[in-house]
Amino acid sequence: MNEECDNVAIQQYCADRKLFDMLDIKCSSGNVYDNENINSEVPMVVGYKLRNIYKLGENYEMFNYSSDEVMTVKIVGLLEPGSTIPSLYNIGSSLNLDYAVFMPISNNLINNFANLDMAINSTVIFTDDETNLLNISKKSAELNLFSMQYNSIQSNIDGYLEYLNEKLQSRIMTIGIISVFSIGSMILNLFTLISRKRKEFSIHLMMGAIRKDIMMQLVCHIGILFVPAIIICLIIEGFNSTFLYTVIFSALLMIILLILPIMRIKRMDIATMLQKGEM
Amino acid sequence: MEKIINLKNVNKTFSNGKSKFEILKDISFEVEKGDFIAITGSSGSGKTTLLNLLGLLLRPTSGEYTLNNKTVNDVTEKESAILRNSFFGYVVQDFALINQYTVMQNILVPVNYAPKRVRASVNAEINEYLERLNIANKKHEKVCYLSGGEKQRVAIARALINNPQVILADEPTGSLDSQSTKNIMEILIELSSEGKTVIVVTHEGDVAAKCRSRLHVSDGQIFAK
């Protein structure tokens with residue numbers, strides 16, 4: 001058997017048929033093996049990117065390191081492209097199966113101590129009743145076979161959630177710092193705009209505009225920045241809750257950005273603006 | 001004659017937080033429709049503050065200010081804006097034009113804040129004023145490329161476009177050469193003869209001499225001359 005393909009190491013798994021059913025892993029051609037059909041040929045399901053190396057229905061000879069014998073494998077199924085399984089050792093991530101091969105769990109395949117040890121260490125057991133596992137663990141300790149550490153999915157999930165929480169906090173902090181600087185620079189930009197256009201604004205006010213008209217000019221100025229972002233979000237996300245949240249967040253941000261400049265405009269008097277403004 | 005402006009015991013005080021400065025003290029005078037008044041005074045005497053107050057660019061600290069027999073001391077921002085837009089026309093020393101706008105766009109600024117008018121009639125009116133002020137060929141030019149005299153004529157056209165009752169001119173010839181000064185004063189005299197009320201703030205004696213009446217401001221107080 002080739003140990004790598006396209007410079008990617010081929011992952012070999014021994015798995016029960018139930019794993020495929022439970023995780024809804026499907027074949028694009030051929031079928032997943034049944035546990036009973038292990039005879040002289042070992043059925044094997046291969047990942048999609050191995051389809052050119054291992055042809056469906058063909059037999060291949062592989063060296064079985066556990067028995068020091070050559071065994072014959074038959075390719076019975078080709079997985080759908082991009083098939084994945086959730087990683088149980090690294091909750092939250094998944095394992096891509098495009099370069100994986102699956103064989104049934106069988107004593108014929110795992111028949112020496114080293115392989116058995118490795119298999120036990122990497123065994124994942126799904127159960128509805130945790131006491132079963134605790135009993136196995138207890139029995140193993142009694143028989144002085146293996147010291148087994150029971151690690152529940154819940155504790156893994158808790159650990160992962162803690163990790164996510166830390167990651168989230170770190171991201172919020174980064175976004176916070178970037179936002180503070182961005183909002184600060186945008187407010188500064190608005191103040192610069194007001195200073196630059198002070199005379200123009202004063203002319204509009206003298207000619208009959210009210211402060212609200214000037215504020216609308218600022219809203220338009222900021223709106224020019226927000227509208228393309230909202231349109232891009234609409235194109236990428238479509239009209240869904242994410243889009244609505246983006247619109248609401250943008251509106252809030254606009255309000256925050258405009259508070260100080262609007263207060264400044266409210267405090268200005270036309271006569272002073274006319275005298276001080278430069279064109 | 002019909003009184004259109006009336007100030008009674010008007011005061012204007014500015015404050016910088018620590019101290020107060022009384023710029024106008026107990027100002028009382030009346031302006032009749034069609035008057036052509038010069039307000040003179042030395043620099044810092046308060047004449048521009050008085051004009052700004054008349055034009056509703058500032059509010060009096062105390063006293064009563066009436067326009068057409070209606071007190072305007074406590075008008076709302078919107079009412080004040082309407083009066084600035086339709087009752088007054090402003091001409092100022094530095095022209096107060098928007099440099100990146102064309103002549104036409106500058107004249108249209110007050111039109112944009114006025115009640116809706118038929119665009120064609122506005123265009124016809126603008127053309128008429130531009131012809132009359134001899135700047136018809138500059139209609140689509142940006143004002144930054146115009147001479148001082150031309151800019152002031154654009155400002156006058158803008159001041160007239162909403163057909164105001166009162167023209168307030170703050171040193172209208174202050175930045176102009178003698179020929180342009182003469183032309184601008186001729187335009188203001190003409191407007192006055194057509195029935196517009198014109199109030200000119202100036203420190204130039206020969207400009208003031210062309211007005212029919214004269215008020216002198218000194219140390220914030222007003223004296224008839």
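Two strands count as paired if DSSP finds at least two bridges between them; strands (E, at least two residues) and helices (H or I, at least four) are DSSP runs numbered from the N terminus. With that in hand, welcome to the exercises. The model is predicted, so local features need pLDDT of at least 70 and side-chain atom pairs count only at pLDDT 80 or more, while totals for chains, interfaces and linings use all residues. Residues are numbered from 1 along each chain as its sequence is written, chains are lettered from A and ligands numbered from 1 in the order in which they are written, and side-chain values use heavy atoms, with hydrogens and water left out.

**Exercise 1. The two chains**

Task: Give the helix and strand counts of chain A and chain B, and find what share of each chain is buried.

Solution. 
- Step 1: Chain A contains eight helices and ten strands.
- Step 2: Chain B contains seven helices and ten strands.
- Step 3: Apply the cut-offs: buried means under 20% relative accessible area, exposed means over 50%, and partly exposed lies in between (1.4 Å probe, protein chains only).
- Step 4: In chain A, 30% of the 279 residues count as buried; in chain B, buried residues make up 53% of 225.
- Step 5: Now take contacts, meaning heavy atoms within 4.5 Å. Of the contacts in chain A between residues at least 6 apart in sequence, 68% join residues at least 24 apart. For chain B, residues 24 or more positions apart account for 70% of the contacts with a separation of 6 or more.

**Exercise 2. A sheet in chain B**

Task: Work out the strand order of the open four-stranded sheet in chain B, then say which helix packs on the sheet.

Solution. 
- Step 1: Recall that strands of a sheet pair through backbone hydrogen bonds, either parallel or antiparallel.
- Step 2: The order in chain B is β2-β1-β4-β5, and the pairing is antiparallel.
- Step 3: At the edges are β2 (20–32) and β5 (70–71) of chain B, each pairing on one side only.
- Step 4: Helix α1 (residues 47–54) of chain B packs on this sheet and touches β1, β2 and β4 of chain B. Its direction makes about 125° with that of β1(B), where axes are lines fitted to C-alpha atoms (for helices, over the stretch in contact) and angles run from 0 to 180 degrees between N-to-C directions.
- Step 5: Look at β1 (residues 3–15) and β4 (residues 62–67) of chain B: they run antiparallel and are joined by five bridges. Across this pairing, L7(B) stands opposite Y65(B), and K8(B) stands opposite E64(B).
- Step 6: β4(B) and β5(B) also pair in the antiparallel sense, over two bridges; in one of them, L67(B) has K70(B) of β5(B) as its partner.
- Step 7: The hairpin of β4(B) and β5(B) has two residues between the strands, and N68(B) there takes a positive phi near 50°.

**Exercise 3. The interface**

Task: Describe how chain B meets chain A, by residues, area and salt bridges.

Solution. 
- Step 1: On the chain B side, L57(B), E77(B) and Y113(B) supply 31% of the area that chain B buries against chain A, more than any other three residues.
- Step 2: A salt bridge is a side-chain nitrogen of Lys or Arg within 4 Å of a carboxyl oxygen of Asp or Glu. There are two between the chains. K199(A) forms a salt bridge with D94(B), with the closest N and O atoms 2.2 Å apart.

**Exercise 4. Single residues**

Solution. 
- Step 1: S80(B) sits in helix α2 (residues 77–86) of chain B. S80(B) is buried because its relative accessibility is 4%.
- Step 2: Leaving out residues up to four places away in sequence, S80(B) touches L56(B), R59(B) and V75(B).
- Step 3: N59(A) belongs to strand β6 (residues 59–64) of chain A and, at 38% relative accessibility, counts as partly exposed.
- Step 4: The C-alpha atoms of N59(A) and E41(A) are separated by 7.9 Å, at 18 residues apart along the chain.

Technical notes: Buried area = accessible area lost by both parts, 1.4 Å probe.
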